[in-house]
Amino acid sequence: MSQLLFIGIFAVSGALIAYAYVGYPFLVWLFSRCFGRSPSPSAQASELPSVSLLIAAHNEEFVIGERIENALALDYPPEMLEIVVASDGSSDGTNDIVRRYKHRGVKLVDYVERQGKTSVLNRTIPTLAGEIVLFSDANTFYEPTAARRLARWFSDAKVGAVCGRLVLVDPQTGTNVDSLYWRYETFLKKCEGRLGGLLGANGAVYAIRKSIYRAIPQNTLVDDFVIPLYAKIATNCQIVYDADAIAHEETPKSVRAEFRRRSRIGAGGYQCLVILRRILSPRYGWTAFTFLSHKVLRWLCPFFLISLLLSNLVLLNSPIFRSLLAVQIAFYLLAIVVAYVPPQFTLLKPLRLSTMFVSMNVALLVGFFQLVLQKQSGTWVRTMRVTDLAPGSE
């Protein structure tokens, strides 16, 4: 009986992992082709809504000037565009740099005491003048048409939020370095958008109708995911994806910085299981399906991997399970070895997916324990970037 129990645990764990990463992408693609739609909104300049571009910042003196210049260059009627920088307890030159743009209409909201991004958003958004709020990180750079492309969707009263496409670039060369995994995630967004089950947004480039914004819980770790879904819970609005509304952002400077970012996102994911549990209700249709399949099962994958390994160890009296254990060990060893292979070995690039998969699940597990042990807070820690380095410091 115990043997059958562990075989069941092994089989279910393996099936759920396979479904989360392979089965679900196929299903969501199939459903999006059968039941989805591809609306193409259009709006003339006279029909565009007023927009507030909100940039939340903490100690961003190395990039904030360039970010403001990028915002001022947007192809959007200047009289309908408000640019606001909300500075969360910045102690460097960020505020002084923003003040230099006052004569060009850029507004600074200076929070002297650092309070965390959630509080900054909850306090600042109600004061904005625009009908639509555009969100952006300080190190994100919009293409000139991005704001117009995001805003045009709001001519449809049912649309409450719009997510754009983030393109990752190498900080040294400026070239597109979208990984296979990032393209995989973008593919899922497109399918979910067609199906009407888009989940959250990317904090670098998205917009929401100000009238449906709901204050999110303090110390929310993944605000860009929670904000649109909180609005959907309250109003049942549509969340859409626009692949032509493009922003660029550099990749993290180091593996450690990327791991720290992923573990924080992981902690935020587990937090969302509580905050957004209502989305799992069947009344939310496709969104309930995508939330369960794309997010909940993905967040639980570290535990499925552990149960897969442990149940396999119990079943070693069987030759089949000894072989399966050998496969698991080989996979983890491959992930470790490939992590140390120099990037110029392009033939090994597909094998890096093993490293990505393992590191992502380890980061999720670390994020879980950080959340449980209350090691994560709502105040964000900036990711180190190449722009932070003074000339000659490398």
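Me: What share of the residues of the chain count as buried?
Reply: In this predicted model, 51% of the 394 residues of the chain count as buried. The cut-off for that word is a relative accessible area under 20%.

Me: Why is Asp-223 called buried?
Reply: Its relative accessibility is 8%. Buried means under 20%, so Asp-223 counts as buried.

Me: And what makes Lys-117 buried or exposed?
Reply: Lys-117 has a relative accessible area of 18%. That value is under the 20% cut-off, so Lys-117 is buried.

Me: How do you know that Asp-223 and Lys-117 form a salt bridge?
Reply: Their closest N and O atoms are 3.8 Å apart. A salt bridge needs a side-chain nitrogen of Lys or Arg within 4 Å of a carboxyl oxygen of Asp or Glu, so this pair qualifies. Asp-223 belongs to helix H7 and Lys-117 to helix H4, so the bridge ties together parts that are 106 residues apart in sequence.

Me: What makes Arg-104 and Glu-69 a salt bridge?
Reply: Here the N to O distance is 3.5 Å, and the limit is 4 Å, so the two side chains meet in a salt bridge. Arg-104 sits in the loop between helix H3 (94-99) and strand E3 (107-111), while Glu-69 is in helix H2 (residues 64-72), so the pair links parts that are 35 residues apart in sequence.

Me: Which other salt bridges can I look for?
Reply: By this rule the count comes to 10 salt bridges. One of them joins Lys-158 and Asp-156, with the closest N and O atoms 3.4 Å apart. Asp-156 has 26% relative accessibility, so Asp-156 is partly exposed. There is also a network of salt bridges that links Asp-96, Arg-99 and Asp-110.

Me: How many cavities are there, by this rule?
Reply: The count comes to 1 cavity of 30 Å³ or more. About 60 Å³ of space lies in the largest cavity. Strand E1 (51-57), helix H4 (117-124) and strand E4 (132-136) each give two or more residues to its lining.

Me: Which residues line the largest cavity?
Reply: They are Leu-54, Ala-56, Lys-117, Leu-121, Phe-135, Ser-136, Asp-137, Gly-203, Tyr-206 and Asp-223. By class, the lining has 5 nonpolar, 2 polar and 3 charged residues. Asp-223 and Lys-117, the salt-bridge pair, are both in the lining.

Me: What makes a set of residues a nonpolar core?
Reply: Its members are buried nonpolar residues joined through side-chain atoms within 4.5 Å. The largest nonpolar core has 42 residues, and those with the most contacts inside it are Leu-54, Phe-135, Phe-225 and Leu-276. Helix H7 (residues 223-235) gives the most to this core, with 7 residues. Apart from it lies another core, of 38 residues, including Leu-74, Leu-81, Ala-138 and Tyr-142.

Me: What does Leu-276 touch, not counting residues up to four places away in sequence?
Reply: Leu-276 touches Phe-225, Val-226, Leu-229, Tyr-230, Ile-233 and Phe-291.

Me: How many helices and strands does the chain have?
Reply: The chain has 11 helices and 8 strands. Among contacts with a separation of 6 or more, 78% are between residues 24 or more positions apart.

Note on methods. Residues are numbered from 1 along each chain as its sequence is written. This is a predicted model: local features need pLDDT of at least 70, side-chain atom pairs count only at pLDDT 80 or more; totals for chains, interfaces and linings use all residues. Side-chain values use heavy atoms; hydrogens and water are left out. On a 1 Å grid over the protein atoms alone, a cavity is a set of points where a 1.4 Å probe fits but cannot get out, and a pocket is an open set with protein on both sides within 12 Å along at least five of seven lines; lining residues have an atom within 4 Å of a point. Grid points are joined across faces, edges and corners, and a volume is the space filled by probe spheres set on the points. Helices (H or I, at least four residues) and strands (E, at least two) are DSSP runs, numbered from the N terminus. Ala, Val, Leu, Ile, Met, Phe, Trp, Tyr, Cys and Pro count as nonpolar, Asp, Glu, Lys and Arg as charged, and the others, Gly among them, as polar. Buried means under 20% relative accessible area, exposed over 50%, partly exposed in between (1.4 Å probe, protein chains only). Contact means heavy atoms within 4.5 Å.
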